[in-house]
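My notes follow in the order I made them.

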Amino acid sequence: MKKILVPIDGSEWSTRALLKAREIAEAFLADVTILTVIDSIRYLDMDYKFDVVRDGIDLSKQLLEQSKKMFEGYAGNVDTAHIIGDVAEEIIRYAENGSYDLIVMGSRGLGVFSRTILGSVSHKVIQHAKTTVMIVK
């Protein structure tokens, strides 16, 4: 295992995923990429879409900086990235384009339906990703 992708959204579950990803990465000295996706789909009809997306980017950058601190002292490479689009589709595309060996993500996120047994994003990623997916509870 050489490359691990960790999509995060700032939820408790994504923090757990980061901890698990570090544990796995240390065992394999794998490269890690922490990813946030700003969901632009829900803002399509809003006049202030660009302001909302820009604010989302600013928040994502802060979240990525905080999350990267969880890897302080880690001997491998840790990168961060943020992209805009449909969250599940972008995670799947990023993992495939980057030839990641593993996606580690939380079982639920900050979305409206976070009370479901498995979040809609994580469910879609499991169903459609060609990359191995680990769901952290």
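**Salt-bridge network.** I looked up the charged side chains in this predicted model and found D86, E89 and K124 linked in a network of salt bridges. For K124 and D86 I noted 3.6 Å between the closest N and O atoms. K124 lies in helix α4 (residues 120-128) and D86 in the loop between β3 (78-84) and α3 (87-97), so this pair ties together parts 38 residues apart in sequence. For E89 and K124 the closest N and O atoms are 3.2 Å apart. E89 belongs to helix α3 and K124 to helix α4, so here the parts tied together are 35 residues apart in sequence.

K124 is partly exposed at a relative accessible area of 28%, D86 is partly exposed at 23%, and E89 is partly exposed at 38%.

**Other salt bridges.** How many salt bridges does a search of the whole structure find? I got six. One of them joins the side chains of R93 and E90, at 2.7 Å from N to O. Both residues sit in helix α3, three residues apart, about one turn of the helix.

**R22.** Next I went to helix α1 (residues 12-28), where R22 is found. Is R22 buried or exposed? Its relative accessibility is 19%, and the cut-off for buried is under 20%, so R22 counts as buried. The R22 side chain makes a polar contact of 2.7 Å with the side chain of E26. Leaving out residues up to four places away in sequence, I listed M70, F71, E72, G73 and Y74 as residues that R22 touches.

**Strand β4.** I finished with β4 (residues 102-106), which is mostly covered: five of its five residues are buried. In a regular strand, side chains alternate between the two faces of the sheet.

Which strands are joined to β4? Strand β1 (residues 3-7) runs parallel to β4 and is joined to it by two bridges; L5 stands opposite I103. Strand β5 (residues 132-136) is also parallel to β4, with five bridges between them. I recorded V136 in β5 as the bridge partner of G106.

Technical notes: Residues numbered from 1 in each chain as written. Predicted model: local features only at pLDDT ≥ 70, side-chain atom pairs only at ≥ 80, totals over all residues. Heavy atoms only, no water. Buried < 20%, exposed > 50% of the residue type's maximum accessible area, 1.4 Å probe, protein only. Helix = DSSP H or I, 4+ residues; strand = E, 2+ residues; numbered from the N terminus. Pairing = 2+ DSSP bridges. Polar contact = N/O pair within 3.5 Å; in protein donor to acceptor, adjacent residues only side chain to side chain. Contact = heavy atoms within 4.5 Å. Salt bridge = Lys/Arg side-chain N within 4 Å of Asp/Glu carboxyl O.
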